[in-house]
Amino acid sequence: MESEFIKVVITDKKTVATDYGILELTPVGGGALPPFTAGAHIGVKTPEGSMRQYSLAGSPYERGSYRIAVRADRDGRGASRSMVEETSVGGVLEILPPENNFELVPADEYLFIAGGIGITPILSMCHKLWADGQKNFRLIYCTRSREETVFAKELEAAPFASNVTLHHDGGDPERIYDLWPHLETPGAAHVYCCGPKVMMEDVRDMSGHWPAAQIHFEDFRPVEVRRADDREFTVVLKKSNRRLRIPEDQTILETLRKAGYDHRSSCESGVCGACKTVLLDGEADHRDLVLSEGERGRFIMICVSRAAGEEITIDI
Ligand code: FES
């Protein structure tokens with residue numbers, strides 16, 4: 001799979017509290033955006049230059065624009081901050097087309113659990129289900145305060161508002177919403193959860209006795225291209241019959257370039273799929289967000305991933 005970037009213009013930006021924003025994106029020069037399904041995300045090249053993934057919030061039946069919610073992570077490396085602080089109406093961003101790892105499977109009943117900005121894909125699901133006449137769902141949406149509740153107004157005005165429980169804990173662990181009554185007895189519902197790590201871990205723990213196929217999580221982690229404990233390793237280039245030493249501070253792709261190879265790439269952040277390469281031997285330390293579990297033994301994204309051991313062999 002390989003994706004090409006699409007240029008979009010920011011046609012609306014709403015600030016929610018200081019650290020949150022909602023951006024509306026439409027294609028530069030008009031035209032249509034690729035369709036998406038509820039729960040889908042897009043890759044966005046941030047003003048700071050990294051790739052980040054953002055879920056689409058709107059109904060998949062509305063085709064004119066994409067809406068994403070952004071949050072400035074004050075402890076992060078600046079990419080998420082730049083999406084809040086360095087974007088403005090009229091500005092242009094490059095995005096990758098929608099993909100969906102959080103598909104809404106057909107079910108008679110749904111329980112949605114969202115925390116913070118994790119509401120975004122779930123809001124899209126609620127819009128879709130309501131439009132389809134499937135009204136048997138409940139949404140529990142937890143945030144610190146109403147001010148930090150992205151889409152609060154939209155949820156309160158939505159036709160499905162009576163299906164929504166908004167809960168604010170003020171950042172007090174004692175006031176965290178008790179999900180156990182909803183999860184204690186496995187039922188027919190499919191559970192979709194997206195939110196902070198601690199919330200997803202809690203839901204995972206509380207739903208361990210549910211059939212695994214009924215529990216769905218969306219977890220966006222920024223791709224770690226470099227880590228402090230990275231070390232040198234060898235890449236054997238099978239077709240070229242060469243061995244390259246990859247220094248600890250370079251990616252395989254960078255080293256290949258220096259050695260005169262012109263390998264395809266695009267995002268160079270492990271999210272687009274352009275640099276997918278056949279892995280012939282050895283174990284990879286996969287850092288991308290592209291390859292499925294089933295593909296990980298056979299392929300490697302050489303813009304971010306490394307060898308888990310001393311050596312790997314790739315089909316170049
Ligand atoms: S260049 Fe995009 S995943 Fe490697």
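Me: In what order do the six strands of the open sheet lie, and is the pairing parallel or antiparallel?

Reply: Strands of a sheet pair through backbone hydrogen bonds, and this pairing may be parallel or antiparallel. In this predicted model, six strands make up an open sheet with the order 4-3-6-1-2-5, and their pairing is antiparallel. The edges are formed by strand 4 (51–55) and strand 5 (66–71), each of which pairs on one side only. On average, neighbouring strands of this sheet are turned by 40 degrees against each other, direction ignored.

Me: How many bridges join strand 1 to strand 2?

Reply: Strand 1 (residues 6–16) and strand 2 (residues 20–27) run antiparallel and are joined by eight bridges. As one example, Val-9 has Thr-26 in strand 2 as its bridge partner.

Me: Which domains does the domain assignment give for the chain?

Reply: The assignment gives domain 1 (6–99), domain 2 (110–217) and domain 3 (233–314). The centres of domain 2 and domain 3, taken over C-alpha atoms, are separated by 38 Å. Across the chain there are six helices and 18 strands.

Me: Why does the radius of gyration of the chain agree with that of a compact globule?

Reply: The chain has a radius of gyration of 21 Å, which agrees because a compact globule with 316 residues would have one near 20 Å. Along its principal axes, the C-alpha trace spans about 65 × 50 × 35 Å.

Me: What share of the residues is buried, and what share of the contacts joins residues at least 24 apart?

Reply: Of the 316 residues in the chain, 38% are buried. Among contacts between residues at least 6 apart in sequence, 66% join residues at least 24 apart.

Note on methods
Residues are numbered from 1 along each chain as its sequence is written. This is a predicted model: local features need pLDDT of at least 70, side-chain atom pairs count only at pLDDT 80 or more; totals for chains, interfaces and linings use all residues. Domain bounds come from an automatic or database domain assignment. Helices (H or I, at least four residues) and strands (E, at least two) are DSSP runs, numbered from the N terminus. The radius of gyration is taken over C-alpha atoms; the globule rule is 2.2 Å times the number of residues to the power 0.38. A residue is buried if 20 or more other C-beta atoms lie within 10 Å of its own, exposed if 12 or fewer, and partly exposed in between; C-beta atoms are placed from the backbone. Two residues are in contact if their C-beta atoms, placed from the backbone, lie within 7 Å. Two strands pair if DSSP finds at least two bridges between them. Axes are lines fitted to C-alpha atoms, for helices over the stretch in contact, and angles run from 0 to 180 degrees between N-to-C directions.
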